[in-house]
Amino acid sequence: MKLLNHIPAWIKNKFFIALTLFIAIILFFDKNDLFTQMDRNRQLHDLQKSKHYYSARITAVNAELGKMRSNPATLEKYAREKYLMKRDNEDLFIISENYQDGKN
């Protein structure tokens with residue numbers, strides 16, 4: 001009984017207790033609690049960064065595709081560099097970029 005006498009009256013108020021419980025439930029025990037919201041915001045930020053990256057990449061690829069469709073020399077250059085294609089009368093030598101001191 002003496003312990004209850006030392007607690008301020010505003011803490012024993014039923015509205016304060018209800019508000020405190022409500023805030024605790026919302027912040028920690030709800031399915032959309034504070035930590036879940038922070039994690040979702042981080043995921044959203046990561047997805048937006050990925051969206052910007054892929055949008056820029058799509059634009060670059062579409063520009064390259066337009067060049068290939070309009071110029072056969074660009075198409076041949078792309079095929080030679082990316083797919084290592086060659087003409088019938090050519091020899092192809094592949095030199096590795098990470099070749100160092102004869103080890104590889």
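**Notes on the rings and charges in this model**

1. Y83 is an exposed residue, with 56% relative accessibility. For the wording used here, exposed is over 50% relative accessible area, buried is under 20%, and partly exposed sits in between (1.4 Å probe, protein chains only). Keep in mind that this is a predicted model, where local features need pLDDT of at least 70, side-chain atom pairs count only at pLDDT 80 or more, and totals for chains, interfaces and linings use all residues. Residues are numbered from 1 along each chain as its sequence is written, and side-chain values use heavy atoms, with hydrogens and water left out.

2. On to the rings: searching the whole structure turns up three aromatic pairs. To pair, rings of Phe, Tyr or Trp (its six-membered ring) need centres within 6.5 Å; planes under 30 degrees apart are called stacked, over 60 edge-to-face, and the rest tilted. One of the pairs is Y53 with Y54, edge-to-face at 5.0 Å centre to centre and 70° between the planes. Y54 is exposed, at 52% relative accessibility.

3. Y83 comes back here, in a pair with Y78: the ring centres are 6.2 Å apart and the planes are at 70°, so this one is edge-to-face. Y78 is partly exposed, at 25% relative accessibility.

4. Now the charges. Side chains of opposite charge can pair when their charged atoms come close. The whole structure has four salt bridges (a side-chain nitrogen of Lys or Arg within 4 Å of a carboxyl oxygen of Asp or Glu). Among them is E76 with R80, where the closest N and O atoms are 3.1 Å apart. Both residues sit in helix 5 (residues 72–83), four residues apart, or about one turn of the helix. Helices here are DSSP runs (H or I, at least four residues; strands are E, at least two), numbered from the N terminus. R80 is partly exposed at 27% relative accessible area, and E76 is partly exposed too, at 32%.

5. Salt bridges with shared partners tie D39, R42 and D46 into one network. R42 meets D39 at 2.7 Å, N to O, and its closest N and O atoms with D46 are 3.3 Å apart.
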